[in-house]
Amino acid sequence: MRMPDIYVGKNLGKELICAEIGVLHGDHALAMLKGLPIKKLYLIDPYITYPIYCGEPYPQGTLDEDYIKVKSLEQEYAGVVEVLRMPSLEAAELLKEIPFDYVYIDGNHEHPHVDNDVKVWWDLVKKGGVLSGHDILLNDVYTAVNDFVQMLKLSTDIFIFSVDSENWLIHK
Ligand SMILES: C[S@@+](CC[C@H](N)C(=O)[O-])C[C@H]1O[C@@H](n2cnc3c(N)ncnc32)[C@H](O)[C@@H]1O
């Protein structure tokens, strides 16, 4: 499990309602399912190829295969996993009434996307819940998350940013 998962496991309760934004092969999703007391996990990813500024684009063929693999988690974790093949903001609109305990953002890492993701998903996380994400060492991610933290005037004891695991976390 990654740093925010361990934090959530230690500090939040049971029957967690969670979402992962950007799922790809489902490796982190599976780690969450195995390591956390999850009641519901929404796995959100459009599985559509796009230009990635920090690497090669994911080919559409492998994304389609990844989707099929991740979709099979709905059988393995029946009633717990729900896969939404759509972009982050569309899913947020669909799920806007759900009080999330834990949302992990690891979708499109370009600044405007991260900026939108943190703002939109923050509102869906309930008080006492955790918003977090991956790749804080990427400049676009760091800038968007840091600007958001400054805007909210969050105190540093609830904004944790772990350099070695490249994750960030805000406990609401
Ligand atoms: C770095 S990978 C995710 C890896 C995964 N979180 C893990 O650690 O196992 C990024 C994923 O974000 C997805 N993605 C891109 N744009 C997205 C968007 N607007 N909303 C949700 N996911 C998006 C991509 O399709 C890709 O699968």
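Reader: How do you know that strand 5 and strand 7 pair, and in which sense?

Author: Five bridges join strand 5 to strand 7 (residues 167–171) in the antiparallel sense. Strands pair if DSSP finds at least two bridges between them, so five bridges meet the cut-off. Within this pairing, Leu 131 stands opposite Ile 170 of strand 7. The elements are DSSP runs numbered from the N terminus, helices (H or I) having at least four residues and strands (E) at least two. The model is predicted, and local features need pLDDT of at least 70, side-chain atom pairs 80 or more, while totals for chains, interfaces and linings use all residues. Residue numbers start from 1 along each chain as its sequence is written.

Reader: Why is strand 5 called largely enclosed?

Author: Strand 5 spans residues 125–134, and seven of its 10 residues are buried, so the rest of the structure largely encloses it. Buried means 20 or more other C-beta atoms within 10 Å of the residue's own, exposed means 12 or fewer, and partly exposed lies in between, with C-beta atoms placed from the backbone. Strand 5 also pairs with strand 4 (residues 100–105), in the parallel sense over five bridges. There Val 103 has Leu 131 of strand 5 as its bridge partner.

Reader: How do you know where the buried residues of helix 6 lie around its axis?

Author: His 113, Val 114, Asp 117, Val 118 and Trp 121 are the buried residues of helix 6. Down the axis they fall within an arc of 125° (taken from the directions from the helix axis to the C-beta atoms), so they line one face of the helix. Pro 112 and Asp 123, on the other side of helix 6, are exposed.

Reader: What makes the span of helix 7 agree with its 14 residues?

Author: The expected span is 1.5 Å times one less than the number of residues. For helix 7 (residues 139–152) that gives 20 Å, and its end C-alpha atoms are 20 Å apart, which agrees. The buried residues of helix 7 are Val 141, Ala 144, Val 145 and Phe 148. Their arc is only 90° around the axis, which puts them on the same side of helix 7. Asn 139 and Gln 150 are exposed on the other side.

Reader: Which residues come nearest the ligand?

Author: Of the 18 residues around the ligand, Gly 22, Leu 24, His 28, Ser 88 and Gly 107 come nearest. Near means that the C-beta atom, placed from the backbone, lies within 6 Å of the molecule or strand. Strand 1 (16–21) and helix 2 (27–35) are the elements that give two or more residues to this shell.
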